[in-house]
Amino acid sequence: MAVSRSKTLAFAAIAIAALLHSSVAQITHTVGGNTRWTIPQGGDSVYTNWASGNSFSVGDILVFNFAAGAHDVTQVNKADYDSCSASNPMMTSTNTPARITLNTSGEHYFICGVPGHCSAGQKVTVNVLASTTGSSPSPSPAPMMMPPSPSPAPRRALTPASAPSPAPTTVSAPTPSTSPVAGDVPLSAPSPSARPPVTYTVGDSFGWNIPTSGASQFQNWAAGKDFMVGDILVFNYTAGAHNVAEVTSDAYTACTTANPISLDSNPPSRITLTAAGEHFYLCAIPGHCSAGQQLSINVSGAGSTSPSPSGSTTPSSPSPTAGDMAPPSPNSAATVGGVSAAAFLSVVAALLL
């Protein structure tokens, strides 16, 4: 009897260990470590050495820390990585810190799309290994379930009444837990209509300069973008060479800055869109506006006026609300691998009686 109980306890301990082992946490990698994401003083070897000292798997997260408006994170293919070209990006992020989840295995290439930064060494390659979380647990449960199979057989006959009683008790627990989660749907319902503020880098990698193709260059950049109240415009330019003036529609058409609404000459200029309607910007340096350095955008207030004020809070709220799948997690955590841990332990306890 003592030997059988020892076997049952050993089986229970091994099974619980297998369940716990099956959940492997993601690893978050801060790109460059303390160097952060910037133009490295030691050239691209700084990021190459950093990457070689880390192991990357599917599901891991890269975090790029950089000064807003000074850099970006652009994912490219190998050819564009080697030539430092950001003309055909797979993805670009100007929000800092940029968090990128590695969803596929293989080599991934990242550069800074600001002109001159990649060639100065601001580039990194990471080699992502396929996730192995599914293969480790599967071999171990197979042998673990075989030894106890003889001993449980007689014990089921000994305690027929105790085994059914925990089962209904624990099966009913997930049912109420699912109801509150369904009830939490109204909390996450606003998220489709609201979105966090978006930071736009005017002109992207070209920056805020005299355009080579006239005023249409900045208008083409703005076309197709959905500007909303709470969004931020970032103007990158050389200090002393340019500035950013917000003007009226008439002043914009006439390229005059006699009475600007606002004027900023400290790059990078960050302008938060606080009102809906049309906004007009130009460079007040003589001759620059007439050469095409001007931009007009239409800011939507419908559906964004309410999200924007809560732009700091509402976006955070959806994250936890998506993470509010975590409240079910306590009950769901009690059902690791589709089996309630409480039910499992109750059955084990019943077998020991």
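Reader: Why is the disulfide of Cys-255 and Cys-289 called left-handed?

Author: In this predicted model, the torsion about the S-S bond of Cys-255 and Cys-289 is about -70 degrees, so the disulfide is left-handed.

Reader: How do you know that Cys-255 and Cys-289 are joined by a disulfide?

Author: A pair of cysteine sulfur atoms counts as a disulfide when they lie within 2.5 Å, and the distance from S to S for Cys-255 and Cys-289 is 2.0 Å, so the pair meets that definition. The link connects distant parts of the chain, with Cys-255 in the loop between α10 (249-254) and β13 (262-264) and Cys-289 in the loop between β15 and β16, 34 residues apart.

Reader: How many disulfides does a search of the whole structure find?

Author: The search finds two disulfides, and one of them is formed by Cys-84 and Cys-118, whose sulfur atoms are 2.1 Å apart. Cys-84 lies in the loop between α3 (78-83) and β5 (91-93) and Cys-118 in the loop between β7 (106-111) and β8 (123-129), so this pair ties together parts that are 34 residues apart in sequence. With -70 degrees about the S-S bond, the link of Cys-84 and Cys-118 is left-handed.

Reader: Why is Cys-84 counted as partly exposed, and why is Cys-118 counted as buried?

Author: Cys-84 counts as partly exposed because its relative accessibility is 27%, while Cys-118 counts as buried because its relative accessibility is 4%.

Reader: How do you know that Cys-112 and Cys-283 are in no disulfide?

Author: For Cys-112 the nearest cysteine sulfur, that of Cys-118, is 8.4 Å away, and for Cys-283 the nearest, that of Cys-289, is 8.5 Å away. Cys-112 is buried, with a relative accessible area of 2%, and Cys-283 is buried, with 1%.

Reader: What makes Gln-293 count as buried?

Author: Gln-293 has 0% relative accessibility, and therefore counts as buried. Gln-293 lies in the loop between β15 (277-282) and β16 (294-300), and, leaving aside its neighbours within four places in sequence, Gln-293 is in contact with residues including Trp-208, Phe-218, His-242 and Cys-283.

Note on methods
Residues are numbered from 1 along each chain as its sequence is written. This is a predicted model: local features need pLDDT of at least 70, side-chain atom pairs count only at pLDDT 80 or more; totals for chains, interfaces and linings use all residues. Side-chain values use heavy atoms; hydrogens and water are left out. Helices (H or I, at least four residues) and strands (E, at least two) are DSSP runs, numbered from the N terminus. Buried means under 20% relative accessible area, exposed over 50%, partly exposed in between (1.4 Å probe, protein chains only). Contact means heavy atoms within 4.5 Å.
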